[in-house]
Amino acid sequence: MVTSRLPAADRIQSTKALAACANIGGHVPIATHGNLLEIILDSWDRNHRILVNLLRALPPGGLEARAIASSPTVAEIFTHIHYVRLIFLSEDAPEFAAPLPPREWLNEGNADRIAAELDASAKSVRDAVAGRIQSGREMNLHYDHPLLYLQHMIWHEGYHHGQIKLALKIAGRPFDDEEIGPLTWDIWLDKARRE
Ligand code: NI
């Protein structure tokens, strides 16, 4: 590991920094190999909760909004996110794979159905990353480490999160920052865990 090459004093600093990042309760747990995975998986849970909160906060007709004529609809972006999670899963950790939807960009009009599918794929991603890391197995096709799959998905979903907000703004139905902030950014910032 890279950290094993650090001088002892730097290692201590590094551990303190990780522990500070891990302040998710009333105390600061020391980040060790034993709990760092749980902290990382918590970041995935928060990312997913933010995505579903955004979906549930859409105004009426929001699923049909699109940024420009050639852009996907908001519904298509959400179903694309679900599909991307699963296609990488099928290629990299097939023992955790779930059935792929027949189409990647689906104009699903039912937010409850989209949320249920996203909940299922979020669990599959979580189980795959935890399973591969705990068993010490690398991914089959991509990624130097299983953790990079999870981080890739977080980055990908943040990218589309901004597109969804832009599509609604252009459609004349922007989110109110005061209302959407507590459902999205604050999930990252809050110290207390949320469900
Ligand atoms: Ni994408």
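Reader: Which residues of H4 are buried?

Author: This is a predicted model, in which local features need pLDDT of at least 70, side-chain atom pairs count only at pLDDT 80 or more, and totals for chains, interfaces and linings use all residues. Residues are numbered from 1 along each chain as its sequence is written. A residue is buried if 20 or more other C-beta atoms, placed from the backbone, lie within 10 Å of its own. In H4 these are Ile114, Glu117, Leu118, Ser121, Ala122, Val125, Ala128, Val129 and Arg132.

Reader: How is H4 oriented to H5, roughly parallel or roughly antiparallel?

Author: Helices are DSSP runs (H or I, at least four residues) numbered from the N terminus. H4 (residues 111–135) and H5 (residues 146–170) pack with axes 8 Å apart, at an angle of about 155 degrees. Because angles over 145 degrees count as such, H4 is to H5 roughly antiparallel.

Reader: Which residues in H5 meet H4?

Author: Two residues are in contact if their C-beta atoms, placed from the backbone, lie within 7 Å. From H4, Val125, Val129, Arg132 and Ile133 take part; their partners in H5 are Pro146, Leu147, Tyr149, Leu150 and Met153.

Reader: What is the phi of Gly172, which follows H5?

Author: H5 has 25 residues and reaches 37 Å from its first C-alpha to its last, close to the 36 Å expected at 1.5 Å a residue. Gly172 follows H5, and its phi is positive, near 80 degrees.

How values were computed
Axes are lines fitted to C-alpha atoms, for helices over the stretch in contact, and angles run from 0 to 180 degrees between N-to-C directions. Helices (H or I, at least four residues) and strands (E, at least two) are DSSP runs, numbered from the N terminus. Angles under 35 degrees count as roughly parallel, over 145 as roughly antiparallel, 65 to 115 as roughly perpendicular and the rest as oblique. A residue is buried if 20 or more other C-beta atoms lie within 10 Å of its own, exposed if 12 or fewer, and partly exposed in between; C-beta atoms are placed from the backbone. The expected span of a helix is 1.5 Å times one less than its number of residues.
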